[in-house]
Amino acid sequence: MKNNSQKIRKIWTDTFDPFFERVLSFCLPGKHCKYILNIKNMEYEWMSNDIEAMLGYSRNEINTSLLLSLIHPQDQPILSIIENKIRALSEATGADRLICYKVCYDFRIKNKNGHYIRILNQLIQMKEDNNIYKRLGIYIDISHIKKNGEPSLSLININGEDSFIDIPLDMDYLDTCPFTKREKEIAFLIIQGYTNKEIADTLYIFVDTVKNHKKHIFTKSKCYSSLQLAQMCTVLGWTKHFTFKLKK
């Protein structure tokens, strides 16, 4: 895995290939800056010099403390929520699965001229020794595309499996489970891998009743599979509302 990480790092940091840079610029909607972030110490191991064209600060001036201080005050608490969601997904799925997701979220940040621009941060996690230590990402100026609105978060599976688009981040929605008492019980059993008949037998209800509740659960959560439901409930903090206990 270390060798793979080193290969990825070499490709990402190779700014001397004009063809690669031209292709990247063609695919991205605005000015961009690549980086590698060490999660252990929350410092940038490497960042392209393109940051100066975006924010007006040279690479030597930039560090995580400065960037955090430049983020719009209204976006700072939402970014904390986003980090908590990423951490929750990591704990729920493990490092092997988390590296299959591209994390995408945006925020406003003040440039050296004192004006706010909107940045889209796209990143993937890099695993070494079975742990995630680094983030390989790219900042993209999308001010001309998204002028207003709060930050949004999406987790896109790079293998074509279930993705999470526009995960709710508003304060009223956060950690508020939309399920009824019965739906929470059934959602808990779905996550445990129970079949419709097993759920019906456990709760002493009809199988058709289970199917009806499941329809409501997947509609409210906007999920399409049991695995996606389990991940979504964890990411949004809904699992703490599942108080149903299995009888031994």
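Start by selecting N111: at 11% relative accessibility this residue counts as buried (under 20% relative accessible area, with exposed over 50% and partly exposed in between, using a 1.4 Å probe and protein chains only). Before you go on, note that this is a predicted model, where local features need pLDDT of at least 70, side-chain atom pairs count only at pLDDT 80 or more, and totals for chains, interfaces and linings use all residues. Residues are numbered from 1 along each chain as its sequence is written, and side-chain values use heavy atoms, leaving out hydrogens and water.

N111 sits in the loop between β3 (101-110) and β4 (116-128); helices (H or I, at least four residues) and strands (E, at least two) are DSSP runs, numbered from the N terminus. Show what N111 touches, skipping residues up to four places away in sequence, and you get M54, L55, Y57 and I117, with contact meaning heavy atoms within 4.5 Å.

Now pick I109. Beyond its neighbours within four places in sequence, I109 contacts L55, L67, L70, I71, H115, Y116, I117 and I119. Along with M47, Y139 and F179, I109 has the most contacts inside the largest nonpolar core, a set of 56 residues. Such a core joins buried Ala, Val, Leu, Ile, Met, Phe, Trp, Tyr and Cys residues through side-chain atoms within 4.5 Å. Colour helix α5 (residues 76-93) next: it supplies the largest share of this core, six residues.

Last stop, the backbone. M42, in the loop between β1 (32-38) and β2 (43-47), has a positive phi of about 55 degrees without being a glycine. Y204, between α8 (196-203) and α9 (207-221), also isn't a glycine and has a positive phi of about 60 degrees.
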